[in-house]
Amino acid sequence: MWPRADSRPEGRQAAVIDVGSNSVRLVIYRLEGRAIWTIFNEKALAGLGRDLPASGRLSPDGIETAMTALRRFRTLLDGWRAEDVTAAATAAVRDAADGSAFLRRVREETGLEVRTLTGEEEARYAALGVIAGQPDAQGVVGDLGGSSLELVRLNGGVGPTDGATLPLGPFALGAPRNLDIDRTRKVIEAELAPMANRFATRHFHAVGGAWRNLALLHMELADYPLRVAHQYEMSRSDAIDVARFVERQSRSSLERIQGLSKKRFDTLPYSALVLEAVIERLGAERVVISAYGVREGLLLEGMDPEVRRRDPLIAGCEALTAVRGLSQELGGALEAWLGPAFERLAPVFGGRDPVLLAAACRLADIGARLHPDHRADIAFEQVLRAPVAGMNHPERAFLASAAFARHSSATSTPEASAIARVLSSERRQRARALGSAVRLGCDLSGRNPHLLEKSGLTIRGDRLVLTAGRGWEDMLLGEQTAKRAQTLASALKLKLELG
C-alpha cells in the first residue's frame with residue numbers, strides 16, 4: 001500500500017526560467033510531494049538561436065526580446081527565495097560566441113544567475129522530465145529544441161543512461177527559410193546515422209513544443225476525443241503520416257490548420273522532418289508525447305529521494321482531492337479494504353491494476369464540495385482532463401469513469417462515445433465496479449476510515465461477500481449499505497452475500 005496522504009511534505013512553490021533557442025519561458029509550479037502542478041506559464045518566442053548557423057552569435061532582436069521577458073520574470077518573482085528559483089539556458093546560449101556576454105547582461109540587469117546546461121545535462125534533464133511524468137517509461141527520449149536534438153536512453157526505471165546532443169533543431173537546419181526537404185533530409189540522416197544502433201528503440205518519447213503541436217494536429221485529423229497532449233501515443237505509421245503531411249505544407253497552408261501554434265509555422269515543417277527521420281533511423285514503433293521535459297527534470301532532481309520514489313499518479317490524486325477539514329486517511333484505508341476483493345479479479349491493465357485502484361481510492365472525495373446533483377458529471381470531467389502525471393490516456397479515461405461511478409449508479413458515463421474509443425468494454429465495466437466499490441466503502445463507514453477495519457469485502461467463487469465484525473452488524477450492514485453492495489455485485493456480475 002502507498003503512503004497515506006498525511007505523510008506528504010507541505011506543498012511549496014518553485015519557479016523555473018528556461019532560456020531556450022526559440023523561447024524564453026517562466027513556469028511557476030506548485031509542488032505537493034511528488035505531484036507537480038503548473039500554476040503559471042508565460043513565454044516569449046525570442047528566437048535567440050535564429051541567426052546562430054550563419055553568424056555564430058545570438059540574434060540581436062532575440063536578445064532584446066529575451067531581456068524584456070527576463071526583466072518581467074524577475075519582477076514577477078520579487079520576494080522569492082533564491083533556492084526556489086532555477087534558471088537554465090540551453091543550446092543557443094551554450095553554442096553562441098556571445099552566449100557568456102548575454103548571461104552577464106542578464107545578471108547585471110536582472111540579478112538572475114542563469115546556469116548553462118551542457119548537451120549531456122540537457123539530455124539527462126529531458127529524460128528526468130519524462131520520468132517525472134511517467135516513472136516506468138522505457139526506450140529513448142528525444143528533446144527537440146530550436147537549435148538541438150537531445151537523445152538519451154532510459155534504463156528501465158533506473159533513470160537516464162547514455163545521452164547525446166545533435167545540431168538538428170529547426171534553426172540549425174535552416175529555419176525560417178522554406179524547407180528544402182531533400183537537402184535537409186540528407187543533413188539529418190548524416191547526423192543520425194552514427195546514432196542508429198546506439199539509440200535503437202521500439203518506444204520513442206517525444207519532448208518539445210513542436211512535437212506536441214504535431215500530436216495535437218494528429219488528434220484533430222483523427223477526431224480523437226481526448227485533447228490531452230501528455231502521454232498521447234501514435235503508432236509508427238500515424239506519426240510518419242502526420243509528419244509527412246506537415247513537411248509538405250506551405251506557410252499559408254499551415255495557417256489554415258486549426259490548433260497549430262501560429263508562432264511555429266516557420267519551424268514546424270523542419271521539426272516534422274526530424275521526427276520522421278528519427279522514427280525511421282531508430283526503428284521506433286510507437287511515439288509517446290511527453291508534456292514534461294527539462295524544467296520538470298530539474299524539479300525532480302531537487303526532490304528528496306524518498307519523495308522521488310513515490311508514484312506521481314497517486315500523489316496527484318491525493319493533491320487533487322485534498323480538502324481542509326476532510327480526513328486524509330480515507331484513501332489509504334479504502335485501498336486496504338478493497339484490495340483483497342479486487343486482487344481476485346483478472347487484471348485489465350496488467351501490473352498497473354493496483355496503482356489504478358490506489359489512485360481511484362484517493363479520488364473518493366473529489367466531489368466533496370460539489371452539489372450532489374452534479375457531483376458525478378463534474379468529478380468525471382475533472383479527472384478526465386486534470387493535469388495529473390503518471391497515467392496514459394486509457395488509464396485517464398478509466399479513473400474518470402470510476403470517479404463517475406463513485407457518485408452515480410448510472411451505467412453510462414458522460415461522453416460515452418469518446419470513452420468507448422479509448423476504453424474496452426471490459427475496462428469500462430471494471431471502472432464502474434471500482435467506482436461502485438469506493439462508494440460502498442464511503443457509505444458503509446460514513447467516510448470514517450477506522451470503521452472500515454470493522455468490516456471485510458472479498459470474493460468467493462461467484463459471490464461478493466460483505467461481512468461485519470461481531471457486534472458491528474447492525475451498525476454497518478444497514479439498508480443503504482446493502483443497496484450499495486448490490487450495485488457493486490451487479491457490476492461484477494456476482495451474487496451478493498451479507499454476513
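User: In which strand is glycine 142 found?
Analyst: The structure is a predicted model, in which local features need pLDDT of at least 70 and side-chain atom pairs count only at pLDDT 80 or more, whereas totals for chains, interfaces and linings use all residues. Residues are numbered from 1 along each chain as its sequence is written, and side-chain values use heavy atoms, with hydrogens and water left out. Helices (H or I, at least four residues) and strands (E, at least two) are DSSP runs numbered from the N terminus. Glycine 142 belongs to the run of residues 139-144, strand 6.

User: Is glycine 142 buried or exposed?
Analyst: Buried means under 20% relative accessible area, exposed over 50%, and partly exposed in between (1.4 Å probe, protein chains only). Not counting residues up to four places away in sequence, glycine 142 touches several residues (heavy atoms within 4.5 Å), among them Phe204, His205 and Trp211. Its relative accessibility is 0%, so glycine 142 counts as buried.

User: What is the order of the strands in the open sheet of three strands?
Analyst: Two strands pair if DSSP finds at least two bridges between them. Strand 12 (455-460) and strand 14 (495-498) each have a single partner strand, so both stand at the edges. With mixed pairing, the order is 12-13-14.

User: How do strand 12 and strand 13 run?
Analyst: Strand 13 covers residues 463-468, and six bridges join strand 12 to it. Within this pair, leucine 457 stands opposite leucine 466. The two strands run antiparallel.

User: At about what angle does helix 22 run to strand 14?
Analyst: Axes are lines fitted to C-alpha atoms, for helices over the stretch in contact, and angles run from 0 to 180 degrees between N-to-C directions. Helix 22 (residues 479-492) lies across strand 12, strand 13 and strand 14. Its angle to strand 14 is about 145°.

User: How many of the 10 residues of helix 16 are buried?
Analyst: Helix 16 (residues 353-362) is mostly covered, and what covers its buried residues includes helix 14 (312-321), helix 15, helix 18 (393-407) and helix 20 (425-445). The buried residues include Asp353, Leu356, Cys361 and Arg362.

User: Why is the pair of phenylalanine 349 and phenylalanine 398 given its class?
Analyst: Rings of Phe, Tyr and Trp (its six-membered ring) pair if their centres lie within 6.5 Å; planes under 30 degrees apart count as stacked, over 60 as edge-to-face and the rest as tilted. Phenylalanine 349 lies in the loop between helix 15 and helix 16 and phenylalanine 398 in helix 18, so the pair ties together parts that are 49 residues apart in sequence. The ring centres are 5.1 Å apart and the planes stand at 70°, so the pair is edge-to-face.

User: Which charged end sits over the ring of phenylalanine 349?
Analyst: A charge sits over a ring if NZ of Lys or CZ of Arg is within 6 Å of the ring centre and within 35 degrees of the ring normal. Phenylalanine 349 is itself buried, with a relative accessible area of 11%. At 3.8 Å from the ring centre, the charged end is that of arginine 427.

User: How far apart are the C-alpha centres of domain 1 and domain 3?
Analyst: The chain is divided into domain 1 (11-116), domain 2 (119-296) and domain 3 (311-498), with bounds from an automatic or database domain assignment. Five residues of domain 1 are in contact with eight residues of domain 3. The C-alpha centres of domain 1 and domain 3 are separated by 43 Å.
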